[in-house]
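Q: I have a model open and would like to go through a few spots in it with you. Could we start with one of the pockets?

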Amino acid sequence: MIATPAPERPRRDRFVPSGRLYLILGLGLLIPMGLGQAPYLSMGWLWGLLGIYDAVVLAIALWDYRQAKQWQIALERRCEEKLSIGRNNSIHLALSATGSPPGVASTVLQLRDGTPSAFSVDADLLSVALTPQLETELTYTVFPPRRGTFRWNLVSFRLRGPLGLSWRIWQAPLETTADVYPDLIGLRMLSIRLSLESSGNLQRRHKVGGTEFSELREYAVGDDIRLMDWKATARRQRPIVRLLEPEREQPLLILLDRGRLMTAQVAGLSRFDWAINAALSLAMAGLRRGDRVGVVVFDKTIHTWIAPLPGLGHLSHILERLNAIEPARTESDYVGVTAQVLNQYHRRALVVMLTDIVDEIASQDLLVAMGRLSPRFLPLCVALRDPEVDAQAQPPLEQNRSVELKTVQTLYTQSVALDLLHQRGVAFAKLRQQGTLVLDVPAPQVSEQLVNQYLRVKARGRL
């Protein structure tokens, strides 16, 4: 997206003295101090000379400010129409300068973009050496912490005069609107990764494995002898093996919890936003592998049902539907929702539950719900762990070198964090006992780890 200045509105130019001007004015105090001992000059004359000196300096500073006003600055803002949440998104400012004062080779221009207040910015103040007929591009990055529509309105400029005695400060309207979506940058990177994997050679496809016959090829060193096709070997008089690849058109159902536990902030984003990013990554992997992907968003009841369909075009539909959903501060009814899923969907499928687990007691309903899925589906429970808990459970090494550094508060925090991790481990053990696959990873790593887990399930033919 390119944003150009809006129709010109009155701009307030301000004269701001520079540090150099204050220094020169301060040096003027040397006049009465140096000439104070002269018998032929009264104090009135001395202060009069100081006043003349200051007036001349200020007149020069005003001339310096007017010279700075001769510069003509044009600016364009360029950014993607859809920014990615939780990523550093680049914002480009194309700057051009004309109408410089005669004899001025360069000066300093500083600008501050009117970034939405919710964004984190890596460079709040940008600076450039301004020269006549300059055309350049300035770049900074923003980190959006939530989804939605955001606007840039103004750009603030600060231009130094040729003599460095003044700053010209003004604002210019420059409006840009951008929508913050789930992690589109991560989806592009995942798409490249999956494309490279799918375009690998036949040896790579064979090593990945699967359950569906693909084709025959000659035996190569390292091939599994169990895949030898003895009839084809006898006909061709040379070793021939079968290539297998994962089955296609298998259902993948993603259950996305949007209840109270998912409203917590983890590593700068809500747990629900991390879960949306993971759901979209998993959906892309499933659709590129030819599976049918559906998504169910729920809290105390099913909020959104996206029926399982094949084809990469289905990903855009999933993205648009999920982008409009926010977490709710209500308790999730895992048992009731899984009962609805069992009633509405009867084919065997990989069912992925994206949520979080506290401990065995608090997550009892979740354990019961996942147990009910086991007979018909292959359930996978994905918990988004807070990396801060991991950090508190294992303090930095420099804190372990001295017992004195381990205050009571530090030890208490560490013990609580260790207890939380232990309780989570007990709950996960219960899930594994009832046949549920488990993935417990820090929230920022969940997308990559979930896709890897899915590819392992496909390669092993678990469905």
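Q: Which element gives the largest share of the lining of the second largest pocket?
A: The largest share comes from α4, which contributes five residues to the lining of the second largest pocket. Bear in mind throughout that this is a predicted model.

Q: How much space lies in that second largest pocket, and which lining residues are closest to its centre?
A: About 350 Å³ of space lies in the second largest pocket. Of the 16 residues that line the second largest pocket, R87, D183, G186, S447 and E448 are the closest to its centre. The elements that each give two or more residues to this lining are α4, α7 and α14.

Q: What is the make-up of the lining by class?
A: The lining of the second largest pocket has six nonpolar and six polar residues, together with four charged ones.

Q: Staying with S447, where is it found, and is it buried or exposed?
A: S447 is found in helix α14, and because its relative accessible area is 18%, under the 20% cut-off, S447 counts as buried.

Q: What does S447 touch, leaving out residues up to four places away in sequence?
A: With those residues not counted, S447 touches N277, A278 and S281.

Q: OK, and α14 as a whole, what span should it have, and how far apart are its ends?
A: Helix α14 covers residues 446-459, and at 1.5 Å a residue its 14 residues should span 20 Å; the C-alpha atoms at its ends are 20 Å apart, which agrees with that expectation.

Q: How many residues of α14 are buried, and which ones?
A: α14 is mostly covered, with ten of its 14 residues buried. The buried residues in α14 are V446, S447, L450, V451, N452, Q453, Y454, L455, V457 and K458.

Q: What covers them?
A: The cover over the buried residues of α14 includes the helices α4 (184-198) and α7 (271-288), along with the strands β14 (251-257), β19 (350-355), β20 (378-385) and β21 (437-442).

Q: Where do Q133 and A267 lie?
A: Q133 lies in the loop between β8 (126-130) and β9 (135-143), whereas A267 is found in the loop between β15 (265-266) and β16 (269-270). Q133 is exposed because its relative accessible area is 60%, over the 50% cut-off, while A267, with a relative accessible area of 44%, is partly exposed.

Q: Switching to P251, which strand is it in, and is it buried or exposed?
A: P251 has its place in strand β14, and its relative accessible area of 5% makes P251 buried.

Q: What is P251 in contact with?
A: Leaving aside neighbours within four places in sequence, P251 is in contact with R292, Y345, R347, R348, A349, L350 and L463. For P251 and P310, which are 59 residues apart in sequence, the C-alpha to C-alpha separation is 9.0 Å.

Q: Where is G161, and how accessible is it?
A: G161 sits in the loop between β10 (148-160) and β11 (166-181), and at 1% relative accessibility G161 counts as buried. Apart from its neighbours within four places in sequence, G161 is in contact with D64, A68, T107 and S166. G161 and D64 are 97 residues apart in sequence, yet their C-alpha atoms are 5.2 Å apart in space.

Q: Zooming out, how many helices and strands does the protein have, and what share of its residues is buried?
A: The protein has 14 helices and 21 strands, and buried residues make up 44% of its 463 residues. Among contacts with a separation of 6 or more, 74% are between residues 24 or more positions apart.

How values were computed
Residues numbered from 1 in each chain as written. Predicted model: local features only at pLDDT ≥ 70, side-chain atom pairs only at ≥ 80, totals over all residues. Heavy atoms only, no water. Helix = DSSP H or I, 4+ residues; strand = E, 2+ residues; numbered from the N terminus. Buried < 20%, exposed > 50% of the residue type's maximum accessible area, 1.4 Å probe, protein only. Contact = heavy atoms within 4.5 Å. Expected span 1.5 Å × (residues − 1). 1 Å grid on protein atoms, 1.4 Å probe; cavity = no way out; pocket = protein on both sides within 12 Å on 5 of 7 lines; lining within 4 Å. Points joined across faces, edges and corners; volume = space filled by probe spheres on them. Nonpolar A, V, L, I, M, F, W, Y, C, P; charged D, E, K, R; others polar.
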